[in-house]
There are 2 protein chains.
Amino acid sequence: MSQAVIAIHGGAGTITRAAMDAQREREYTAALEQVLLAGQRVLADGGSALDAVTEAVRLLEECPLFNAGRGAVLTHAGTYELDASVMDGATLNAGAVACVKRLRNPVLAARAVLEHSEHVLFAAEGAEAFAQAQGLELVAPEYFFTQARHDQWLRARETAGMALLDHDAATLAAQAAKPADPLDADKKFGTVGAVACDARGNVAAATSTGGVTNKQVGRVGDTPVLGAGCYADDVAAVSCTGTGEMFIRTSAAFDVSAQMRYAGLSLEESARRVVMEKLPAIQGRGGLIAVDRAGNVTLPFNTEGMYRGVARVGEPVNVWIYG
Amino acid sequence: MSQAVIAIHGGAGTITRAAMDAQREREYTAALEQVLLAGQRVLADGGSALDAVTEAVRLLEECPLFNAGRGAVLTHAGTYELDASVMDGATLNAGAVACVKRLRNPVLAARAVLEHSEHVLFAAEGAEAFAQAQGLELVAPEYFFTQARHDQWLRARETAGMALLDHDAATLAAQAAKPADPLDADKKFGTVGAVACDARGNVAAATSTGGVTNKQVGRVGDTPVLGAGCYADDVAAVSCTGTGEMFIRTSAAFDVSAQMRYAGLSLEESARRVVMEKLPAIQGRGGLIAVDRAGNVTLPFNTEGMYRGVARVGEPVNVWIYG
């Protein structure tokens, strides 16, 4: 029997103590703790890793502080396009939805794909039709609205016209030079995710996002790409957040597992090489959370901060924001 | 300097000599040879692996015999939804489009994403808008029509109502027991792809598909999922065809490279393990083509046949259909 554990993230980026006021810090900390407690409860009750990560990501989607579900960022056209995925390491079963506009909880649609479809990935209206047939809740776009994201979108349109180049060194340098808005992080790297190992030693991962602020309509990042932003097998489970394109180009989530399986690396060292070496080599920024079947957890990121936390069954929850 | 080489596939499945008449065999053989000659010419003229695979897949999309571009299969709704991807091993640059309905050549849209976007993957209308802004040709759905695919769709609707379960063992057994229609292959495993190694030792891969006959609207397979149906890095380039869901769940294309990089396997042994061990473990059927930086080529498949061929610069082209 493993000691069951769940880890979550709420996005990585230029989150610095200097730019974060006390009130906002308390809000994020409390939100992360509540989600961890809920995931911990699922595991303590004997629930599967798959159930724990689905519930944790559903709650992160419900929370307007994070860029997924309610609180998602806006596209260049002022619309919402959400992606989500979930994968069960015990069976390699997986489900994902991309570019959905009306699903209250994209992660529940991904879970329904995993449970009830012979397919793995559905996009756009087809994904919504599938989810609706499964009895999942559809909402009007207004449901996703938050004033903070709307203001952020207006600022992004003014400054960029289009989504910023994630690999534009000048942009990154300029961002680094000016005092960071705590929301800048979410603008570029906002994603939520969870990984868990249950008492049977099975692992699972789930990821959900609204994408990047002011993104071109139809852009899909790494979140619904199994192997990139989310992966789980009989070695490890991984959920990523960051400049999604670079996570796709490096198959970042699968690579954590592959280095463990083939090169004999530890979970920590494998994840470190992905986040600290492979992603930076192509200007990839962000982080990931990963758990292995022994219940080891690692939470590396190459940005200033990452909203994150860990809860082991029977122990207090731990939450961190900065580096 | 490597000896430049290109390999292509036109889908894998229950393709048997018994079910293929001489006329149809000649048509497929001639089509594969023409595509290989064109790709070979690009490489002989000093073109890049990326240019060679793009041109080969464009020609495969133009040929109505294969399930990509013109000649694509129909969804349950009688519509066309195409996916394509391309990746340059030299830079890890990649581009992909999913669920596009009006692009004459999805692989050219994927290439345009690679060349002209900070993003990697676009879906549905957003992908078409991007391609149109890049000056690519849009067509009416009738462009993709072929009588053979339409008849196949009608048969699939009669027998299945929906797309067949790829992992339904009973279905596979039933198919194996009855005389195979040569088109059965395309119904389930139709994809086209190319991999190449140029004179500089750089490798690239491209993949394109219409998906599976009678598929649910919005279903996306492994083709536009970099790491699953297409991948290229500084070790190898891989293009896959088969039951796409299983290729996603195993990150099949990336795994070929990962086993070479981390476990020191040869290209041939790495690809063999993916196709003959890992995919069958989850009832995955199909094949892949792969090339490494030394110009080695391997074309494994676990089905009765796979349309495939190899052309080395300065040598005659070779084409095969059966196992």
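Ser251(A) is buried (under 20% relative accessible area, with over 50% exposed and partly exposed in between; 1.4 Å probe, protein chains only), at a relative accessible area of 2%. The model is predicted: local features need pLDDT of at least 70, side-chain atom pairs count only at pLDDT 80 or more, and totals for chains, interfaces and linings use all residues. Residues are numbered from 1 along each chain as its sequence is written, chains are lettered from A and ligands numbered from 1 in the order written, and side-chain values use heavy atoms, without hydrogens or water.

Ser251(A) sits in the loop between α8 (244–249) and α9 of chain A. Helices (H or I, at least four residues) and strands (E, at least two) are DSSP runs, numbered from the N terminus. The phi of Ser251(A) is near 40 degrees, a positive value in a residue other than glycine. Most residues other than glycine have a negative phi. Ala124(B) belongs to helix α4 of chain B. Ala124(B) is buried, with 9% relative accessibility.

The UniProt record, an unreviewed entry, annotates Thr191(A) as "active site". UniProt positions follow the numbering used here, feature names are shortened, and annotations may be inferred rather than shown by experiment. Thr191(A) lies in the loop between α7 (182–189) and β5 (192–197) of chain A. Its relative accessible area is 4%, so Thr191(A) is buried. Contact means heavy atoms within 4.5 Å. Leaving out residues up to four places away in sequence, Thr191(A) touches His9(A), Gly10(A), Gly11(A), Asn67(A), Thr207(A), Ser208(A), Thr209(A), Thr223(A), Cys240(A), Thr241(A) and Gly242(A).

Two of these neighbours' names return in the "binding site" annotation: the unreviewed UniProt entry lists Thr241(A) and Gly242(A), and both touch Thr191(A). Arg219(A) is part of strand β7 (residues 219–220) of chain A. Arg219(A) is buried, at 4% relative accessibility. Its contacts, not counting residues up to four places away in sequence, include Glu81(A), Gly211(A), Val212(A), Gly244(A) and Glu245(A). Arg219(A) also touches His119(B), Leu121(B) and Phe122(B).

The relation between the chains was then examined. Two copies of a chain are related by a rotation about an axis and a shift along it. Here, a rotation of 180 degrees with 0.0 Å of shift along its axis places chain B on chain A, with an RMSD of 0.0 Å. The two copies are thus related as by a two-fold rotation axis. The superposition is by least squares on the C-alpha atoms of residues with pLDDT of at least 70 in both copies. Both copies use the same surface, as 100% of the contact residues of chain B recur in chain A. Among the residues of chain B, Tyr262(B) comes closest to the rotation axis, with its C-alpha at 2.7 Å.

Helix α2 (residues 49–62) and helix α3 (residues 106–116) of chain B pack at about 150 degrees, with axes 8 Å apart. Axes are lines fitted to C-alpha atoms, for helices over the stretch in contact, and angles run from 0 to 180 degrees between N-to-C directions. Angles under 35 degrees count as roughly parallel, over 145 as roughly antiparallel, 65 to 115 as roughly perpendicular and the rest as oblique. α2(B) and α3(B) are therefore roughly antiparallel. From α2(B), the contact draws on Leu50(B), Asp51(B), Thr54(B), Val57(B), Arg58(B) and Glu61(B). From α3(B) come Pro106(B), Val107(B), Leu108(B), Arg111(B), Leu114(B) and Glu115(B). The contact residues divide into six nonpolar, one polar and five charged. Ala, Val, Leu, Ile, Met, Phe, Trp, Tyr, Cys and Pro count as nonpolar, Asp, Glu, Lys and Arg as charged, and the others, Gly among them, as polar.

α3(B) is mostly covered, with eight of its eleven residues buried. Pro106(B), Arg111(B) and Leu114(B) are among them. The buried residues of α3(B) pack against α2, β2, β3 (93–100), β4 (121–123), α4 (124–133) and β6 (203–209) of chain B.

Val73(B) lies in the loop between α2 and β2 (82–88) of chain B. Val73(B) is buried, with a relative accessible area of 0%. Its C-alpha is 6.8 Å from that of Gly211(B), 138 residues apart along the chain.
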